[in-house]
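Visitor: I am new to this structure and would like a short tour of its side-chain contacts. Could you take me through them?

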Amino acid sequence: VKALALGWALSAVAYVVLAHALDHARLGFVLLAGGAPPWAIACAALLVLLRLFVVLAGPGVVLAAAGWLAQKMWLKFTYRPASSSLKP
Amino acid sequence: MRRIVPLVLFVLGALLVPSRLCARGSRALYDGDAEAQRELARGVEEWVTQDLARVSFATGSSRFEGEWLFGTYMMAAMGFGQTGDPARVETCADAMLREQVGAFDREAWGEDALASLDGPRGHAAYLGYMNLALAMHRTLAKDSRYAALSDRISDALARRLDASRLALLETYPTEVYPVDNAAVLASIALRDRAAGDRAHAATLARALAEMRAKYIEPGSGLLLQSVDAEVGRGSDARGSGTLLAVYFLSFADMELSRALWRAAERALATSVLGFGVVREYPVGGRADIDSGPIAFGFGVSATGFALAGACIHGDPDRFARLWATATLFGAPIDRGDTRRWVTGGPLGDAILFAMATAPRSAS
(Lines give C-alpha, C1' and ligand atoms only; values in the text may rest on other atoms or scores of the structure.)
Protein backbone atom coordinates (compact mmCIF):
# COMPACT_ATOMS: atom_id res chain seq x y z
CA VAL A 1 0.00 0.00 0.00
CA LYS A 2 2.84 2.37 0.87
CA ALA A 3 4.52 1.77 -2.51
CA LEU A 4 1.23 2.27 -4.35
CA ALA A 5 0.47 5.50 -2.48
CA LEU A 6 3.97 6.82 -3.14
CA GLY A 7 3.76 5.89 -6.83
CA TRP A 8 0.40 7.59 -7.12
CA ALA A 9 1.61 10.76 -5.40
CA LEU A 10 4.65 10.98 -7.68
CA SER A 11 2.44 10.42 -10.73
CA ALA A 12 0.08 13.15 -9.56
CA VAL A 13 2.96 15.62 -9.20
CA ALA A 14 4.36 14.63 -12.62
CA TYR A 15 0.90 15.03 -14.16
CA VAL A 16 0.38 18.53 -12.76
CA VAL A 17 3.84 19.70 -13.90
CA LEU A 18 3.44 18.18 -17.39
CA ALA A 19 -0.13 19.50 -17.80
CA HIS A 20 0.92 23.07 -17.02
CA ALA A 21 4.01 22.79 -19.22
CA LEU A 22 2.01 21.50 -22.21
CA ASP A 23 -0.73 24.05 -21.68
CA HIS A 24 1.83 26.84 -21.50
CA ALA A 25 3.50 25.58 -24.70
CA ARG A 26 0.07 25.12 -26.37
CA LEU A 27 1.03 21.55 -27.21
CA GLY A 28 -1.44 19.45 -25.24
CA PHE A 29 -3.78 18.90 -28.16
CA VAL A 30 -1.30 17.34 -30.57
CA LEU A 31 -2.82 13.88 -30.02
CA LEU A 32 -5.88 15.13 -31.90
CA ALA A 33 -3.82 16.66 -34.68
CA GLY A 34 -1.22 13.98 -35.36
CA GLY A 35 1.17 16.09 -37.45
CA ALA A 36 3.28 17.33 -34.55
CA PRO A 37 6.89 16.38 -33.75
CA PRO A 38 7.21 12.90 -32.15
CA TRP A 39 8.47 14.31 -28.85
CA ALA A 40 5.36 16.48 -28.51
CA ILE A 41 3.07 13.55 -29.27
CA ALA A 42 4.99 11.40 -26.76
CA CYS A 43 4.62 14.10 -24.06
CA ALA A 44 0.89 14.42 -24.74
CA ALA A 45 0.46 10.63 -24.67
CA LEU A 46 2.35 10.49 -21.37
CA LEU A 47 0.09 13.21 -20.01
CA VAL A 48 -3.02 11.16 -20.87
CA LEU A 49 -1.56 8.00 -19.32
CA LEU A 50 -0.59 9.86 -16.14
CA ARG A 51 -4.03 11.40 -15.94
CA LEU A 52 -5.75 8.04 -16.40
CA PHE A 53 -3.66 6.56 -13.58
CA VAL A 54 -4.05 9.54 -11.26
CA VAL A 55 -7.81 9.92 -11.75
CA LEU A 56 -8.83 6.27 -12.05
CA ALA A 57 -6.58 4.89 -9.32
CA GLY A 58 -6.64 7.94 -7.04
CA PRO A 59 -9.84 7.26 -5.10
CA GLY A 60 -8.87 3.60 -4.75
CA VAL A 61 -5.42 4.53 -3.44
CA VAL A 62 -6.89 6.96 -0.92
CA LEU A 63 -9.44 4.42 0.32
CA ALA A 64 -6.90 1.59 0.42
CA ALA A 65 -4.43 3.75 2.33
CA ALA A 66 -7.15 4.81 4.77
CA GLY A 67 -8.20 1.18 5.25
CA TRP A 68 -4.61 0.10 5.76
CA LEU A 69 -4.02 2.83 8.35
CA ALA A 70 -7.27 2.06 10.16
CA GLN A 71 -6.39 -1.62 10.26
CA LYS A 72 -2.93 -0.82 11.62
CA MET A 73 -4.34 1.43 14.34
CA TRP A 74 -6.95 -1.15 15.27
CA LEU A 75 -4.32 -3.85 15.65
CA LYS A 76 -2.11 -1.50 17.68
CA PHE A 77 -4.87 -0.62 20.14
CA THR A 78 -6.19 -4.16 20.52
CA TYR A 79 -2.77 -5.86 20.74
CA ARG A 80 -1.89 -7.52 24.03
CA PRO A 81 1.30 -9.52 24.57
CA ALA A 82 0.53 -13.24 24.96
CA SER A 83 2.50 -13.47 28.20
CA SER A 84 0.40 -10.79 29.94
CA SER A 85 -2.78 -12.78 29.55
CA LEU A 86 -1.17 -15.78 31.20
CA LYS A 87 -0.33 -13.98 34.43
CA PRO A 88 -2.43 -15.09 37.38
CA MET B 1 -7.01 -10.42 5.88
CA ARG B 2 -4.55 -7.53 6.35
CA ARG B 3 -4.14 -7.34 2.57
CA ILE B 4 -7.71 -8.08 1.61
CA VAL B 5 -9.29 -4.99 3.24
CA PRO B 6 -7.06 -2.43 1.41
CA LEU B 7 -7.46 -4.38 -1.82
CA VAL B 8 -11.25 -4.40 -1.61
CA LEU B 9 -11.27 -0.70 -0.76
CA PHE B 10 -8.96 0.03 -3.69
CA VAL B 11 -11.18 -1.82 -6.15
CA LEU B 12 -14.35 -0.18 -4.78
CA GLY B 13 -12.77 3.26 -4.93
CA ALA B 14 -11.50 2.76 -8.47
CA LEU B 15 -14.83 1.38 -9.73
CA LEU B 16 -17.29 3.75 -8.10
CA VAL B 17 -15.66 7.10 -7.50
CA PRO B 18 -13.71 8.41 -10.57
CA SER B 19 -16.66 8.82 -12.93
CA ARG B 20 -18.62 10.65 -10.22
CA LEU B 21 -15.68 12.94 -9.50
CA CYS B 22 -15.20 13.70 -13.19
CA ALA B 23 -18.91 14.39 -13.70
CA ARG B 24 -18.92 17.16 -11.07
CA GLY B 25 -20.30 20.38 -12.48
CA SER B 26 -22.09 18.66 -15.35
CA ARG B 27 -25.55 19.26 -13.91
CA ALA B 28 -24.97 23.02 -13.75
CA LEU B 29 -23.90 23.03 -17.40
CA TYR B 30 -26.80 20.83 -18.41
CA ASP B 31 -29.20 23.18 -16.64
CA GLY B 32 -27.68 26.15 -18.48
CA ASP B 33 -26.11 27.72 -15.39
CA ALA B 34 -24.62 31.03 -16.58
CA GLU B 35 -21.48 30.86 -14.42
CA ALA B 36 -20.68 27.29 -15.51
CA GLN B 37 -21.05 28.36 -19.13
CA ARG B 38 -18.93 31.47 -18.62
CA GLU B 39 -16.10 29.35 -17.23
CA LEU B 40 -15.93 27.52 -20.57
CA ALA B 41 -16.51 30.73 -22.53
CA ARG B 42 -13.51 32.44 -20.94
CA GLY B 43 -11.24 29.55 -21.93
CA VAL B 44 -12.40 29.79 -25.55
CA GLU B 45 -12.16 33.59 -25.46
CA GLU B 46 -8.43 33.26 -24.73
CA TRP B 47 -8.05 31.32 -27.99
CA VAL B 48 -10.16 33.46 -30.31
CA THR B 49 -8.72 36.77 -29.14
CA GLN B 50 -5.16 35.73 -29.93
CA ASP B 51 -3.62 35.45 -33.36
CA LEU B 52 -4.44 31.90 -34.41
CA ALA B 53 -3.12 30.66 -37.73
CA ARG B 54 -3.11 27.42 -39.68
CA VAL B 55 0.29 26.50 -38.25
CA SER B 56 -1.26 26.55 -34.77
CA PHE B 57 -2.79 23.15 -35.49
CA ALA B 58 -0.04 20.86 -36.83
CA THR B 59 -2.27 18.25 -38.43
CA GLY B 60 0.24 17.51 -41.17
CA SER B 61 -2.26 18.64 -43.84
CA SER B 62 -2.60 22.22 -45.00
CA ARG B 63 -6.31 21.72 -45.78
CA PHE B 64 -7.11 20.18 -42.40
CA GLU B 65 -5.21 22.93 -40.61
CA GLY B 66 -7.32 25.48 -42.49
CA GLU B 67 -10.50 23.59 -41.61
CA TRP B 68 -9.53 23.46 -37.94
CA LEU B 69 -8.74 27.17 -37.84
CA PHE B 70 -12.07 27.99 -39.47
CA GLY B 71 -13.89 25.40 -37.31
CA THR B 72 -12.45 26.89 -34.13
CA TYR B 73 -14.04 30.27 -34.85
CA MET B 74 -17.28 28.68 -36.04
CA MET B 75 -17.76 26.47 -32.98
CA ALA B 76 -16.74 29.33 -30.71
CA ALA B 77 -19.32 31.56 -32.43
CA MET B 78 -22.01 28.97 -31.79
CA GLY B 79 -21.01 28.67 -28.13
CA PHE B 80 -20.96 32.43 -27.62
CA GLY B 81 -24.27 32.73 -29.46
CA GLN B 82 -25.88 30.04 -27.32
CA THR B 83 -24.68 31.80 -24.17
CA GLY B 84 -25.96 35.19 -25.35
CA ASP B 85 -22.71 37.04 -26.13
CA PRO B 86 -23.16 38.83 -29.50
CA ALA B 87 -19.91 40.78 -29.15
CA ARG B 88 -17.85 37.59 -29.07
CA VAL B 89 -19.90 36.10 -31.94
CA GLU B 90 -18.79 39.16 -33.90
CA THR B 91 -15.15 38.55 -32.97
CA CYS B 92 -15.47 35.03 -34.39
CA ALA B 93 -17.49 36.02 -37.47
CA ASP B 94 -14.96 38.72 -38.37
CA ALA B 95 -12.17 36.17 -38.01
CA MET B 96 -14.02 33.69 -40.24
CA LEU B 97 -14.35 36.37 -42.90
CA ARG B 98 -10.59 37.02 -42.95
CA GLU B 99 -8.93 35.99 -46.19
CA GLN B 100 -6.38 33.83 -44.43
CA VAL B 101 -9.05 31.87 -42.54
CA GLY B 102 -11.03 31.04 -45.69
CA ALA B 103 -7.96 30.12 -47.71
CA PHE B 104 -8.47 26.33 -47.33
CA ASP B 105 -11.78 26.52 -49.25
CA ARG B 106 -10.41 28.89 -51.89
CA GLU B 107 -7.43 26.59 -52.50
CA ALA B 108 -9.71 23.57 -52.96
CA TRP B 109 -12.16 25.27 -55.33
CA GLY B 110 -9.90 27.73 -57.10
CA GLU B 111 -12.41 30.50 -56.45
CA ASP B 112 -13.53 32.65 -53.54
CA ALA B 113 -16.79 31.36 -52.07
CA LEU B 114 -18.14 34.80 -51.17
CA ALA B 115 -17.11 36.37 -54.47
CA SER B 116 -18.83 33.59 -56.43
CA LEU B 117 -22.21 33.43 -54.67
CA ASP B 118 -23.94 33.80 -58.03
CA GLY B 119 -22.16 30.72 -59.34
CA PRO B 120 -23.23 27.08 -59.14
CA ARG B 121 -20.48 25.46 -57.07
CA GLY B 122 -21.11 24.01 -53.61
CA HIS B 123 -18.69 25.34 -50.95
CA ALA B 124 -21.02 23.53 -48.53
CA ALA B 125 -18.81 23.51 -45.46
CA TYR B 126 -17.35 27.01 -45.78
CA LEU B 127 -20.63 28.73 -46.61
CA GLY B 128 -22.82 26.55 -44.38
CA TYR B 129 -20.66 26.94 -41.29
CA MET B 130 -20.05 30.62 -42.00
CA ASN B 131 -23.77 31.26 -42.43
CA LEU B 132 -24.53 29.49 -39.15
CA ALA B 133 -22.30 31.91 -37.28
CA LEU B 134 -23.75 34.93 -39.12
CA ALA B 135 -27.34 33.78 -38.55
CA MET B 136 -26.55 33.09 -34.90
CA HIS B 137 -25.41 36.70 -34.57
CA ARG B 138 -28.64 37.84 -36.19
CA THR B 139 -30.73 35.92 -33.65
CA LEU B 140 -29.05 38.01 -30.91
CA ALA B 141 -28.79 41.37 -32.68
CA LYS B 142 -31.77 42.35 -34.78
CA ASP B 143 -29.73 45.05 -36.55
CA SER B 144 -26.88 42.62 -37.23
CA ARG B 145 -24.30 43.99 -39.65
CA TYR B 146 -24.08 40.50 -41.14
CA ALA B 147 -27.77 40.37 -42.11
CA ALA B 148 -27.29 41.26 -45.78
CA LEU B 149 -24.41 38.83 -46.21
CA SER B 150 -26.35 36.07 -44.45
CA ASP B 151 -29.30 36.70 -46.79
CA ARG B 152 -27.05 36.44 -49.85
CA ILE B 153 -25.38 33.26 -48.63
CA SER B 154 -28.72 31.68 -47.70
CA ASP B 155 -30.20 32.53 -51.11
CA ALA B 156 -27.15 31.09 -52.89
CA LEU B 157 -27.19 27.88 -50.84
CA ALA B 158 -30.94 27.44 -51.34
CA ARG B 159 -30.65 28.00 -55.09
CA ARG B 160 -27.83 25.46 -55.33
CA LEU B 161 -29.78 22.93 -53.25
CA ASP B 162 -32.81 23.35 -55.50
CA ALA B 163 -30.62 22.72 -58.54
CA SER B 164 -28.86 19.71 -57.02
CA ARG B 165 -29.88 16.27 -58.29
CA LEU B 166 -28.80 14.79 -54.92
CA ALA B 167 -30.33 17.61 -52.84
CA LEU B 168 -26.82 17.90 -51.41
CA LEU B 169 -23.97 20.35 -52.02
CA GLU B 170 -20.33 19.52 -52.50
CA THR B 171 -17.93 20.52 -49.73
CA TYR B 172 -14.99 20.31 -52.14
CA PRO B 173 -15.06 19.33 -55.83
CA THR B 174 -16.52 15.76 -56.04
CA GLU B 175 -16.66 15.50 -52.21
CA VAL B 176 -20.13 15.38 -50.65
CA TYR B 177 -20.70 15.06 -46.91
CA PRO B 178 -24.24 14.91 -45.50
CA VAL B 179 -23.10 16.39 -42.17
CA ASP B 180 -21.85 19.54 -43.92
CA ASN B 181 -25.21 19.73 -45.65
CA ALA B 182 -26.87 19.46 -42.25
CA ALA B 183 -24.92 22.63 -41.37
CA VAL B 184 -26.14 24.24 -44.62
CA LEU B 185 -29.76 23.44 -43.75
CA ALA B 186 -29.30 24.58 -40.16
CA SER B 187 -27.83 27.88 -41.31
CA ILE B 188 -30.71 28.57 -43.69
CA ALA B 189 -33.29 27.64 -41.04
CA LEU B 190 -31.58 29.82 -38.43
CA ARG B 191 -31.43 32.71 -40.90
CA ASP B 192 -35.17 32.35 -41.61
CA ARG B 193 -35.92 32.24 -37.89
CA ALA B 194 -33.77 35.30 -37.19
CA ALA B 195 -35.27 37.24 -40.10
CA GLY B 196 -38.78 36.21 -39.09
CA ASP B 197 -39.74 34.97 -42.54
CA ARG B 198 -40.08 31.62 -44.27
CA ALA B 199 -38.17 32.60 -47.39
CA HIS B 200 -36.55 29.20 -47.81
CA ALA B 201 -39.21 26.93 -46.33
CA ALA B 202 -39.83 24.98 -49.54
CA THR B 203 -36.13 24.34 -50.12
CA LEU B 204 -35.65 23.23 -46.54
CA ALA B 205 -38.65 20.88 -46.67
CA ARG B 206 -37.41 19.18 -49.84
CA ALA B 207 -33.78 18.87 -48.73
CA LEU B 208 -34.73 17.53 -45.31
CA ALA B 209 -37.11 15.00 -46.85
CA GLU B 210 -34.34 13.85 -49.20
CA MET B 211 -31.93 13.54 -46.28
CA ARG B 212 -34.40 11.35 -44.40
CA ALA B 213 -35.10 9.21 -47.44
CA LYS B 214 -31.67 8.77 -48.99
CA TYR B 215 -28.85 9.58 -46.64
CA ILE B 216 -29.77 7.68 -43.51
CA GLU B 217 -28.65 4.07 -43.34
CA PRO B 218 -31.81 1.94 -43.13
CA GLY B 219 -30.46 -0.65 -40.70
CA SER B 220 -28.80 1.53 -38.10
CA GLY B 221 -30.66 4.80 -38.65
CA LEU B 222 -27.30 6.63 -38.66
CA LEU B 223 -26.29 9.36 -41.12
CA LEU B 224 -24.04 8.38 -44.02
CA GLN B 225 -20.58 9.90 -43.64
CA SER B 226 -20.07 10.71 -47.33
CA VAL B 227 -21.89 10.36 -50.63
CA ASP B 228 -20.50 9.69 -54.09
CA ALA B 229 -21.06 12.89 -56.04
CA GLU B 230 -21.64 11.04 -59.32
CA VAL B 231 -24.04 8.22 -58.44
CA GLY B 232 -25.29 9.39 -55.04
CA ARG B 233 -24.31 6.18 -53.28
CA GLY B 234 -23.31 6.56 -49.63
CA SER B 235 -20.38 5.25 -47.61
CA ASP B 236 -20.44 3.93 -44.02
CA ALA B 237 -22.68 5.55 -41.45
CA ARG B 238 -20.57 6.79 -38.56
CA GLY B 239 -20.75 8.31 -35.12
CA SER B 240 -18.90 11.60 -35.69
CA GLY B 241 -21.02 12.64 -38.69
CA THR B 242 -24.29 11.46 -37.17
CA LEU B 243 -23.77 13.18 -33.83
CA LEU B 244 -22.56 16.45 -35.29
CA ALA B 245 -25.64 16.35 -37.53
CA VAL B 246 -27.81 15.81 -34.42
CA TYR B 247 -26.53 19.21 -33.25
CA PHE B 248 -26.89 21.02 -36.60
CA LEU B 249 -30.30 19.58 -37.44
CA SER B 250 -31.69 20.72 -34.08
CA PHE B 251 -31.79 24.17 -35.71
CA ALA B 252 -33.64 22.94 -38.81
CA ASP B 253 -35.66 19.82 -38.00
CA MET B 254 -35.91 18.73 -34.38
CA GLU B 255 -37.66 15.48 -35.28
CA LEU B 256 -34.87 14.39 -37.61
CA SER B 257 -32.29 15.42 -35.03
CA ARG B 258 -34.10 13.31 -32.42
CA ALA B 259 -34.36 10.30 -34.74
CA LEU B 260 -30.60 10.42 -35.38
CA TRP B 261 -29.90 10.82 -31.65
CA ARG B 262 -32.03 7.79 -30.78
CA ALA B 263 -30.29 5.77 -33.49
CA ALA B 264 -26.84 6.79 -32.21
CA GLU B 265 -27.85 5.93 -28.66
CA ARG B 266 -28.99 2.48 -29.77
CA ALA B 267 -26.12 1.65 -32.09
CA LEU B 268 -23.09 3.45 -30.68
CA ALA B 269 -23.41 4.75 -27.13
CA THR B 270 -22.48 2.90 -23.95
CA SER B 271 -20.73 3.41 -20.61
CA VAL B 272 -17.50 2.01 -19.20
CA LEU B 273 -17.07 2.28 -15.40
CA GLY B 274 -19.61 5.11 -15.43
CA PHE B 275 -17.86 7.04 -18.23
CA GLY B 276 -20.04 7.70 -21.28
CA VAL B 277 -18.44 6.73 -24.59
CA VAL B 278 -19.60 6.54 -28.20
CA ARG B 279 -18.32 4.23 -30.92
CA GLU B 280 -17.24 5.80 -34.21
CA TYR B 281 -18.37 2.76 -36.21
CA PRO B 282 -21.04 0.22 -35.26
CA VAL B 283 -18.40 -2.46 -36.00
CA GLY B 284 -14.63 -2.12 -36.54
CA GLY B 285 -13.35 0.83 -38.58
CA ARG B 286 -10.22 2.97 -38.64
CA ALA B 287 -9.42 6.38 -37.20
CA ASP B 288 -9.22 9.38 -39.52
CA ILE B 289 -9.33 13.16 -39.31
CA ASP B 290 -13.13 13.11 -38.74
CA SER B 291 -13.13 10.52 -35.97
CA GLY B 292 -10.05 11.75 -34.10
CA PRO B 293 -8.23 9.10 -32.09
CA ILE B 294 -10.18 5.86 -31.58
CA ALA B 295 -9.51 3.64 -28.55
CA PHE B 296 -11.26 0.27 -28.27
CA GLY B 297 -13.69 1.43 -30.96
CA PHE B 298 -14.71 4.59 -29.05
CA GLY B 299 -14.15 7.84 -30.93
CA VAL B 300 -13.06 11.17 -29.49
CA SER B 301 -15.17 13.21 -31.94
CA ALA B 302 -18.28 11.05 -31.61
CA THR B 303 -18.10 11.17 -27.81
CA GLY B 304 -17.58 14.94 -27.75
CA PHE B 305 -20.37 15.69 -30.25
CA ALA B 306 -22.74 13.44 -28.28
CA LEU B 307 -22.74 16.01 -25.46
CA ALA B 308 -24.94 18.21 -27.64
CA GLY B 309 -27.39 15.37 -28.32
CA ALA B 310 -27.76 14.62 -24.61
CA CYS B 311 -28.26 18.32 -23.90
CA ILE B 312 -30.70 19.01 -26.75
CA HIS B 313 -32.79 15.87 -26.28
CA GLY B 314 -32.94 16.00 -22.49
CA ASP B 315 -30.79 13.19 -21.08
CA PRO B 316 -29.00 14.58 -18.00
CA ASP B 317 -27.60 11.18 -16.95
CA ARG B 318 -25.95 10.55 -20.30
CA PHE B 319 -24.73 14.15 -20.36
CA ALA B 320 -23.09 13.60 -16.96
CA ARG B 321 -21.42 10.38 -18.11
CA LEU B 322 -20.17 11.99 -21.33
CA TRP B 323 -18.96 15.04 -19.41
CA ALA B 324 -17.06 12.69 -17.09
CA THR B 325 -15.26 11.26 -20.12
CA ALA B 326 -14.50 14.72 -21.49
CA THR B 327 -13.08 15.68 -18.11
CA LEU B 328 -11.03 12.48 -17.82
CA PHE B 329 -9.35 12.79 -21.23
CA GLY B 330 -9.56 16.55 -21.69
CA ALA B 331 -7.30 17.23 -18.69
CA PRO B 332 -8.90 20.52 -17.62
CA ILE B 333 -6.89 23.28 -16.00
CA ASP B 334 -8.88 25.82 -14.02
CA ARG B 335 -7.17 29.18 -13.60
CA GLY B 336 -9.36 31.37 -11.48
CA ASP B 337 -12.69 31.51 -13.26
CA THR B 338 -11.39 30.16 -16.58
CA ARG B 339 -11.33 26.56 -17.73
CA ARG B 340 -9.10 25.28 -20.52
CA TRP B 341 -8.61 21.74 -21.72
CA VAL B 342 -4.96 20.80 -22.06
CA THR B 343 -5.62 18.10 -24.66
CA GLY B 344 -8.35 20.12 -26.38
CA GLY B 345 -6.50 23.00 -27.97
CA PRO B 346 -8.39 25.76 -29.81
CA LEU B 347 -10.73 23.46 -31.72
CA GLY B 348 -11.34 20.98 -28.89
CA ASP B 349 -12.12 23.77 -26.42
CA ALA B 350 -14.47 25.47 -28.90
CA ILE B 351 -16.29 22.21 -29.74
CA LEU B 352 -16.81 21.34 -26.07
CA PHE B 353 -18.08 24.87 -25.45
CA ALA B 354 -20.59 24.70 -28.32
CA MET B 355 -21.75 21.15 -27.56
CA ALA B 356 -22.13 21.64 -23.81
CA THR B 357 -24.18 24.81 -24.25
CA ALA B 358 -26.46 23.49 -27.02
CA PRO B 359 -30.01 24.73 -26.49
CA ARG B 360 -32.55 22.25 -25.11
CA SER B 361 -35.37 21.09 -27.36
CA ALA B 362 -38.65 22.72 -26.40
CA SER B 363 -40.35 19.31 -26.33
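This is a predicted model: local features need pLDDT of at least 70, side-chain atom pairs count only at pLDDT 80 or more; totals for chains, interfaces and linings use all residues.

Visitor: How are the rings of Tyr30(B) and Phe319(B) arranged, then?

Guide: Tyr30(B) and Phe319(B) form a tilted aromatic pair, with 5.7 Å from centre to centre and 55 degrees between the planes. Tyr30(B) belongs to helix α3 (residues 26–30) of chain B and Phe319(B) to helix α15 (residues 316–330) of chain B, so the pair ties together parts that are 289 residues apart in sequence.

Visitor: Which residues form one aromatic cluster with these two?

Guide: Trp323(B) and Trp341(B) form one aromatic cluster with Tyr30(B) and Phe319(B).

Visitor: And how many aromatic pairs does the structure hold over all chains?

Guide: There are 12 aromatic pairs over all chains. One of them is formed by Tyr30(B) and Phe319(B), as described above.

Visitor: What about Tyr247(B) and Phe248(B): what kind of aromatic pair do they form?

Guide: Tyr247(B) and Phe248(B) form a tilted pair, 5.6 Å centre to centre, with 45 degrees between the planes. Tyr247(B) counts as buried because its relative accessibility is 0%. Phe248(B) counts as buried at 0% relative accessibility.

Visitor: Changing topic: where does the charged end of Arg63(B) sit?

Guide: The charged end of Arg63(B) sits over the ring of Tyr172(B), 3.9 Å from the centre of that ring. Another arginine, Arg26(A), lies over the face of Trp47(B), at 4.9 Å from the ring centre.

Visitor: Let us move to the surface. Which residues form the nonpolar patch there?

Guide: The patch on the surface consists of Ile4(B), Leu7(B), Val8(B), Val11(B), Leu12(B), Leu15(B), Leu16(B), Val272(B) and Leu273(B). Together they have about 770 Å² of accessible area.

Visitor: Which helix gives the most to the nonpolar patch?

Guide: That is helix α1 (residues 4–16) of chain B, which gives 7 residues. Leu16(B) is found in this helix.

Visitor: Why does Leu16(B) count as partly exposed?

Guide: Leu16(B) has 44% relative accessibility, and therefore counts as partly exposed. Partly exposed residues fall between the 20% cut-off for buried and the 50% cut-off for exposed.

Visitor: Now for charges. How many salt bridges are there over all chains?

Guide: A search of the whole structure finds 27 salt bridges. One of them joins Arg88(B) and Glu45(B), whose closest N and O atoms are 3.3 Å apart. Arg88(B) lies in helix α6 (residues 86–96) of chain B and Glu45(B) in helix α4 (residues 34–48) of chain B, and the pair links distant parts of the chain, 43 residues apart.

Visitor: Are those two buried or partly exposed?

Guide: Arg88(B) is partly exposed, at 23% relative accessibility. Glu45(B) is partly exposed at 26%.

Visitor: What does Arg339(B) form a salt bridge with?

Guide: Arg339(B) forms a salt bridge with Asp334(B), and the closest N and O atoms are 2.8 Å apart. Arg339(B) is buried, with a relative accessible area of 14%, whereas Asp334(B) is partly exposed, at 42%.

Visitor: Which residues do salt bridges with shared partners join into one network?

Guide: That network is made up of Arg138(B), Asp151(B), Arg191(B), Asp192(B) and Asp197(B).

Methods:
Residues are numbered from 1 along each chain as its sequence is written. Chains are lettered from A and ligands numbered from 1 in the order in which they are written. Side-chain values use heavy atoms; hydrogens and water are left out. Rings of Phe, Tyr and Trp (its six-membered ring) pair if their centres lie within 6.5 Å; planes under 30 degrees apart count as stacked, over 60 as edge-to-face and the rest as tilted. Helices (H or I, at least four residues) and strands (E, at least two) are DSSP runs, numbered from the N terminus. Buried means under 20% relative accessible area, exposed over 50%, partly exposed in between (1.4 Å probe, protein chains only). A charge sits over a ring if NZ of Lys or CZ of Arg is within 6 Å of the ring centre and within 35 degrees of the ring normal. Patches are made of residues with over 30% relative accessible area and no salt bridge: like charges are joined within 9 Å, nonpolar side chains (Val, Leu, Ile, Met, Phe, Trp, Tyr) within 5 Å. Accessible areas come from the Shrake-Rupley method with a 1.4 Å probe; for residues, only the protein chains shown count as cover. A salt bridge is a side-chain nitrogen of Lys or Arg within 4 Å of a carboxyl oxygen of Asp or Glu.
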